[in-house]
Amino acid sequence: MGNFFPRWTNWLPLKVGIAVVFIALGVSIGVAYYFTPKYTRVGYEPTQPVPFSHKIHAGQLGLDCRICHSFGEASGHSNVPTNQTCFNCHGQGKGGIRAASPKLELVQKAHQTGQSIPWVKVHKAPDYVYFNHSAHVNRGVSCVSCHGKVNEMEVVRHDQPQSMGWCLDCHRNPEKNLRPLDHITNLNFKPSDLKRADFYKGLLDKKVPSGEIAEVIGGKGAKADDLDALVNLAEKTFGKEVTQKEVGTQLKKHWQIQPPENCTACHR
Amino acid sequence: MKRNWIHPEEPQNAKRYWRSTAELERRESFLKNLGREFPAGDTLTPEEAENGRRDFLKIMGASVGLMGLASCRRPITTILPYTQHVEWMVPGKPVLFATTMPRCGGATPLVVTVHEGRPTHLSGNPLHPLGGGIDSFAQASVLDLYDPDRSQKPLGAGKAISWAKANELIAAAAADAKKSSGAGLGIVVGATTSPTYLRLLGEIKTAFPQAKLYGYEAVGGDAQAVNKEVLGAGVKPFVKFSKAMRILALDCDFLGVDPVAGEPIKEFTKHRAKETKAAENDMNRLYVLENRYTLTGGMADHRKAIPAALIPAAAALIAEQLGDASGKALAASAPQALKDWIAPAVRDLIDNKGTAVVLAGSRCSAEVHALVASINNALGAYGSAIDLLQEAPKPDMGDFAALQADVSGGQLKTLVSLTPASLFYDAPDAAAFAKLITEKGVKLVHVGSLLNSTALHAAVHIPAAHYLEAWGDVRAADGSYSIVQPMIAPLYDGASENDVLLALLGRKKLGPAEKPADGAAPAEDAGYTAVRDTFAQVAGGLDESKWNFTLRDGFLKGSAYARANASVNAAAAGTIVSKAKAGASPSDEAIEVVLVPSSGVYDGRYINNAWLQEAPDPITKLTWENAAWVGSATFKRLGLEDGQHIAIRANGVEIEIPAIEAPGHVSNSITIPLGYGQNNVGTVGGEKGVNGYVMRRLPGQFVISGAKVEVLGTVAELAITQTQNTMEGRAVYREGTLETFNKDTEFAQKTGMDSHIPENISFYKGQVGKKDTENPDGFDYETKHQWGMSIDLSKCIGCTACIVACQSENNIPVVGKNQVRKGRLMQWIRMDRYFAVAKTGINNVAQESTWAEDNPTPEQLENAEMVHQPLACQQCEAAPCETVCPVNATVHTDDGLNAMAYNRCIGTRYCANNCPYTARRFNWFDYNKRNPLVETEKLGIKANNLYFGPLGEKREDESIRLQRNPNVTVRMRGVMEKCTYCVQRLESAKILQKQVQRDSKNFRVPTDSVKTACQQSCPADAIVFGDLADAKSSVNIAKASPRNYQVLKYIGTRPRTSYLARLRNPNKNMPGAENIAVWSNNQY
Amino acid sequence: MEASASNTPRILDREPLVLNNRSYSWITNRICGIVENKQPALWWILFVPSVLLTGLMVFCFAYLISTGVGVWGQKQPVAWAWDITNFVFWIGIGHAGTLISAILFLTRQKWRTSVNRAAEAMTIFAVMCAGLFPAFHVGRVWMVWFLAPIPNANAIWQNFKSPLLWDVFAVSTYFSVSLVFWFLGLVPDLATLRDRCRPGLKKFFYGLFALGWRGGNRHWSHYETAYMLLAALSTPLVLSVHSVVSFDFATSVVPGWHTTIFPPYFVAGAIFGGFAMVLTLMIPVRRIYGLDDLLTPKHVDNMAKIILLTGTIVGYAYCMELFMAYYSANPYEAAAFTLRGLTGPSIWAYALMFSFNVFAPQLFWYRPFRHNMWVVMFVCMCVNMGMWYERYVIIATTLERHMTPGSWGEYSATWVDQWTFVGTFGFFMMLFLLFLRFLPVIAIGEVKGVLPQSDPHFDDHAEKGIQEEDLMAYPDRHVAKPIAA
Amino acid sequence: MSTTLKRVHGYLAEFDNVQDLYHAAEHVRDAGYNRWDVHSPFPIHGMDKAMGNPRSNLPKLVFCGGITGTTVAFILQTVTQTNFWSSLGLGFLQEIVETYPTVVQAKPTDIWTLPAFFPVMFELTILFSAFTTLFGLLALMGLPRWNHPLFASKRFAKFSDDSFFVCIEARDPKFSQDGTKALLEKIGGKNIELVEDEI
């Protein structure tokens, strides 16, 4: 009668085994990349009803973010400007800048009818996440850290994953993103722009003992009793240019930045 | 789910109080967003309107597999900002306004939290002289605003009519009243203190000289009338609890549903809490005589249950002992026991002349009020512990008897009912009265916010505006003048009483005002003008800044009533007393029936408020309905079980009502809470409970004697939230007498097992206690806040204000009668109520509230002690619930909170099992999504809507959603929830501090600046909350008290919430004084 | 073979495991016959309703998921009731199988061979039923994947300190290992079935799962090592699973749950209930399929003894609990047991539990009872019910009387609770009947292995009685004898 | 005789009871064959000795499997729940899985919380061992192999019922067409047949 199963079946287990291994690998890698905000969110760049260019306004004209997003420092929500705001410059009778431009058609219409402009939402936290702008911009975290260089974007795009893991990453080591408050909305800010002397002077003016500052720079035991000493010490440790680490560590220590890692910080 | 609320048109011709130019100019965008949960488009988007928070959680789960497949991009969601900026509006930040809630004969000063145009939460106004905590009625009144069953359209003989028609009818009525110079026009008003209201009534009198005014409140008593005769016209006694050290209350629930004009309760409770050894006289003492347990009775140092019929006798006895013999006849009927009880009590009052007061309940009969007046006079209370204030003169009004007479006499053609009471429901012999009205062809114009029987049978019904919707003003008990300012444009064009009067005077058109001609500025609202005019009178000239300050502070400084120079007219009192007949104490055959306002719906006006309906009655723990309270002894004699129907026959009527056992209730007496049994008032209030009003025949008749009771076979399943009435000897609640306290101030910390807790020897040092060198893993008190709470049981009176406040602040769903029966109440705070008798030390009420264990005497049953304990999540430092959660949904925060991440919870319910305090609540159904209040019939099965799941009907009352607090997640089915110390408030406070801190180090929020909702609402100041790491914080001071103890300390959960044991101040000479509070010492 | 069957071997003086000197092929035919012949009418009479009940179960779970846990009777403070009761009940039943196949194997209890197959099958089906409850009792089933330690963008992980998560690992491990064990045991028998049926679908499937088994001794030697290893692994596992389940309660703070005696008490209870269930199934099977020679009274007797033993241990645990409650002088603990057994609302459950679990098995002290199938069946039924009540008492009635009296409440089950539970019985029966229908109910190979004639030296002492001679003549047994010319 | 090409697999001899088989095995062993096997419906006690098989080395595999399980469980739990690794200066391990300490019931977040991890460590040990046993076994036996020359023999089908076989493979160096046959006959093999394998 012979064999019931054909000869080739003998190799089947091996083949199947190998196949399974590879598929499993592929799937997990695929999921790890395509199913996470890194991919699902970053790069989202919808076209807006009004072709408003942050590049022109925030970049070329150098308008401060807070001129339009006026409540970022006061409230959890950083508001989208009212039509009125646009009109302060573009409305007839007011600035009247390019009032006639077809690009502003919708804005004009909105002004007459009172119909809001349906801006397309780019950054969207889930409903159970209570993100608060004021808590960040008042404490040395710049807009750029989460929204990227908007001043270079013709159309706003989603720049960062803004996943929970991503948030926690910064909440664990905030020094990576801290900067002096007067640079919060300066999207082009580089630590190297800071004058080291001014920076430390600022701290000293805030009655921070120079000893503490020195210890943050040079670790335990490091000493420096006046500004120059501090600057020298810093130069020795960080080199000519002011570095983010230098700024971040100082501010973290002396502003007592302690980002919460509790559930309640974002979920209520 | 957030929905767009279709917002009504607004009066155009009238001058409008506008929140924004957008509203002023009626911008589409504004109107569109007006009802949105987040009108500041930033946060509410059409897509979100599709996927609410809870839906999102679901979708998260469902779509996890699909994530990224849909081209890895999210659907387009849009942001709709305002076109014009809105004044005061910072998107995402609530605005607080001061206003005042007009109450029967008074006012409650409030601060309203308004989220983008939606009033969401109420709290007391701390600036106001009578401000502070507020009771559950005021707390819950915000829900009435959004009640979907509110009357929304004018009705003509029960059918919807247009506003135009309504205006016509009113104009017509006014016109022909004018012809006869007012003859035939009658107006019924409630007990109001609104100057504008009264002023307009006055103007009505001038415009229609022959018109008649009547005052009617469903549960109002004769007090006013008596005061007029005995003390003089417009003289109003104002009790100063801060001065009263000895109080004897005659059936007067001044801590509960029968408030007296006087200082807020917290002034009374101040004198209850002692932290160091104190003399008897440093602590106030409360004597209570009543037929049933009330909150006041629960707080009493000495309480005796006596039939309500004997209250006059008791008053007479007291008066007699104070040398006023006018009541001798009455006193004769008093039993010996009562005499023995009263004698020492009065002696104590006399010993404290000047600081002693006797209070009579508002529903007590005239002679009691008369006697009490002379008693207080004899005690020298007037001028010391009681101020006599001179009210502003009121137009004189007839009482209900007069109204009845005039109607039957045919003098009335048109009757305008402005009273919050419902004539055809709560009037004495309402049916007959209704019949009379129709027979005599009286045109009844009814103004009210409920579609109750009066509204449906009135010739014309006008929807009333909620006090958060319309302009008005009111005087508080002490006379302070407050303005009632609207928070939101009327949702249903309702009209306030003032508006109706103005309409009668032809100064206002009711309902939506027609649009003004283009360009024409909208005319000013007459209601608004009227209030401004009154203000001008009160404040002496219309000074804008004064006006604005009044609006901001919520009251006009220095506007309180002046002292009256009045004295007690003994003769007048004597005559009143002499008219009275002695009441006979009831017997097995002739049982007495006592009608009382209910803690849930007061006199019936709150019948459609789900929060109040579900807030358990403090005494019986009954929700959603009323039942006949029967004293335990009688209960046993009749062989009843809870919920068994009884038929009560009295005054020639018979009602069938389920009975409920009420320990501490006097025998042969039955108490019926009023206000229930109103049909077709809406999904919430409809068909709930039994109407007790039918029993009374005369306005003042709240005690009906000689009733016959028949036990029926049927048993109703009552929605009781607590089946266990005793503490089973567990030292959960602790109290002691002042004497015990003076002997050992720390007695509470040594009660039961707490005295011998073995040292906890652990292999590791966990995150407990304060971090220091010994305890490196402890909580960081240096750079973090450490939240904690202390609840003073000496102060807690057991009202349910905190429960309702919590419900309003934390978006806690209402679950409905069906679910309460199943024991699935969602309220985060549980108000445990325990009974105890001193017989065996450990109280001996067995579970299921029968007294089976041993048979105490009826006397003991009547005088069982009652205590209340509010119990929410204790925020244990070593929380047993945390370690058992498999998914880390509940973990500990470094500021000592027991965090609950709803969006992580999968609902294993293990935490609920492992919580020693049973403080966790589970969403058994989608209470927010499926209407739990209605029955549904599907597939031939009729059952509660919840049980049909996806087939069931969605919640229609979307207006309710406007009340939701946007800072709190609305929980979906299948997740666990619990008290979080109002974490949303804590976080906002911390973030607010960050805005101040900026580049400095002072991270700590200002001392005591953040309050939890329950703390804010507590009228007794029993709850203290704050930062333990802040040495100055009052919670630290409270926890330093020797009375401080932790519930179930033995198991080592280290709760952050601790309690202060209750102190009582018994009078040694009183019978049974030796038994008081001893039960607590025998606990384990 | 006839030869070996005729003469009575002297070395076997103990009770034979297979009666009437059955031959290899008789065993093969008899056991394979069950699978190959038409099923008796009774099979269908049982199968149809079990399928219907399974459908009912599916419906109940669908209703539960679509509507909410509220369709069950739970409430505050009773957050767990029938769901976890049933879980523990089924998991307990699932213990006998592995116990028989592992522990009895290690202890060289040859009699296990005729019961272990069915017992293991039963174990697996019981664990499947058990798994349903923890999976579906949660509020948000669609979120259950939160229990799996998957790296995620939310950077949040499981709480490995939670006994509930231990359960997840314990139960899933137990299920997988039992499955492996069972399958391994099946392979040679599947080969037997394969070789008996003619080419076709059946042959394909049997062949597929027989993995091409050829019974070569080089395979057998690996196979036996593997079997030994699995037995060695399962033994601690089977003991651990119910211990871990008991941790759900033992590690909590609830008085009446928080006891160190729970692990041994639960394990004993599990074996107790498990054996009862094995007997309840095997006694009818034995009758219906005429396996009396393979499943002898000796087997039943042994199992009855084990039930008696474990039952007594359980009884001891009950009493010890009470003693602890009294002796610990912890009033909360004391109250928990007073309320449970004397004054509480569910004392009836406690009474049933005690009489079913502790008193009923005492019948087994008397040998005739152990040999009367009806008595045995009766006792087993009692034990089955009793063990369910035990869990009910521990879980529901304890929670009814929690620590703060203000929260006390009475629990009562709804129709959904009840029918879901009944439904799982249908599911269980359905699976077991299908097992009878398609797989050898008794381990053919293993039974053959314990036959006297399977001893390679059987003939030596069979032919000439004195083995000494052999030994003298052939000092080393492993030198081949010369072949007679 | 078909024309299809065939390869000799070996000689198959049948025996009708365990004892004969046993002795036969001893003989074949002594004859010095090593590519051969005996086939029986059940494992025969002592047959390994008779055939001179070495001891299975499956246990070693399983041990490794078990250890792997324990380690995996230990790392998984300590990394996600404790600061143990960062305290060793291996914080990057935490970084990989982005965990953060979750304090529950005031339990420690350092290595002292280890006892709580034992159950899972135990379970994973067992799980991994069990699967190693299964797959290790299959690997050692070279199963599943559904197609085998022996299955071509009609008589061989009885191996799973009640008869016993010795099969000496042609690949054995000592295998010889008639020598082997003779041996099998000598040791009492019945129905000796030459098993051939179709190609």
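Helices (H or I, at least four residues) and strands (E, at least two) are DSSP runs, numbered from the N terminus. The model described here is predicted: local features need pLDDT of at least 70, side-chain atom pairs count only at pLDDT 80 or more, and totals for chains, interfaces and linings use all residues. Residues are numbered from 1 along each chain as its sequence is written, while chains are lettered from A and ligands numbered from 1 in the order in which they are written.

Chain C contains 19 helices and 0 strands. The loop between helix 5 (95-106) and helix 6 (113-137) of chain C holds Gln109(C). A residue is termed buried if 20 or more other C-beta atoms lie within 10 Å of its own, exposed if 12 or fewer, and partly exposed in between, with C-beta atoms placed from the backbone. Gln109(C) is partly exposed, because 13 other C-beta atoms lie within 10 Å. From Gln109(C) to Thr225(C) the separation is 116 residues in sequence and 17 Å in space, C-alpha to C-alpha.

The overall dimensions of chain C were also computed. The C-alpha trace of chain C spans about 95 × 50 × 50 Å along its principal axes. For 485 residues, a compact globule would have a radius of gyration near 23 Å, and the 25 Å of chain C agrees with this. The radius of gyration is taken over C-alpha atoms, and the globule rule is 2.2 Å times the number of residues to the power 0.38. Of the 485 residues in chain C, 56% are buried. Two residues are in contact if their C-beta atoms, placed from the backbone, lie within 7 Å. Among contacts in chain C between residues at least 6 apart in sequence, 81% join residues at least 24 apart.

Chain C is in contact with chain D through 60 residues of chain C and 69 residues of chain D. On the chain D side, the elements that give two or more residues are helix 1 (18-30), strand 2 (36-39), helix 2 (47-51), helix 3 (58-81) and helix 6 (118-141). Helix 6 of chain D provides the largest share of that side, 14 residues. By class, the side of chain D that touches chain C has 36 nonpolar, 20 polar and 13 charged residues. Here Ala, Val, Leu, Ile, Met, Phe, Trp, Tyr, Cys and Pro count as nonpolar, Asp, Glu, Lys and Arg as charged, and the others, Gly among them, as polar.

Chain D is divided into domain 1 (6-53 + 142-198) and domain 2 (58-127), with bounds from an automatic or database domain assignment. The C-alpha centres of these two domains of chain D lie 51 Å apart. Helix 1 of chain D is largely enclosed by the rest of the structure, because 10 of its 13 residues are buried. Among the buried residues of this helix are Val18(D), Leu21(D), Tyr22(D), His23(D) and Glu26(D). Gly32(D), with a positive phi near 90 degrees, follows helix 1 of chain D.

A nonpolar core is a set of buried Ala, Val, Leu, Ile, Met, Phe, Trp, Tyr and Cys residues joined through C-beta atoms within 7 Å. The largest such core has 489 residues, of which Leu250(B), Ala314(B), Val357(B), Leu359(B) and Val278(C) touch the most other members. Helix 7 (residues 163-196) of chain C contributes the largest share of this core, 17 residues. Not counting residues up to four places away in sequence, Ala314(B) touches Leu250(B), Leu289(B), Ile306(B), Ala334(B), Leu338(B) and Ile342(B). A second, separate core of 30 residues includes Leu12(D), Cys167(D), Ile168(D) and Ile187(D).

The contact between chain A and chain B takes 47 residues from chain A and 53 residues from chain B. Helix 6 of chain A gives the most to the chain A side, with 3 residues. That side divides into 20 nonpolar, 21 polar and 6 charged residues. Within chain A, the domain assignment gives domain 1 (54-80 + 119-183) and domain 2 (191-254), whose C-alpha centres lie 27 Å apart. The contact between these domains takes 7 residues from domain 1 of chain A and 8 residues from domain 2 of chain A.
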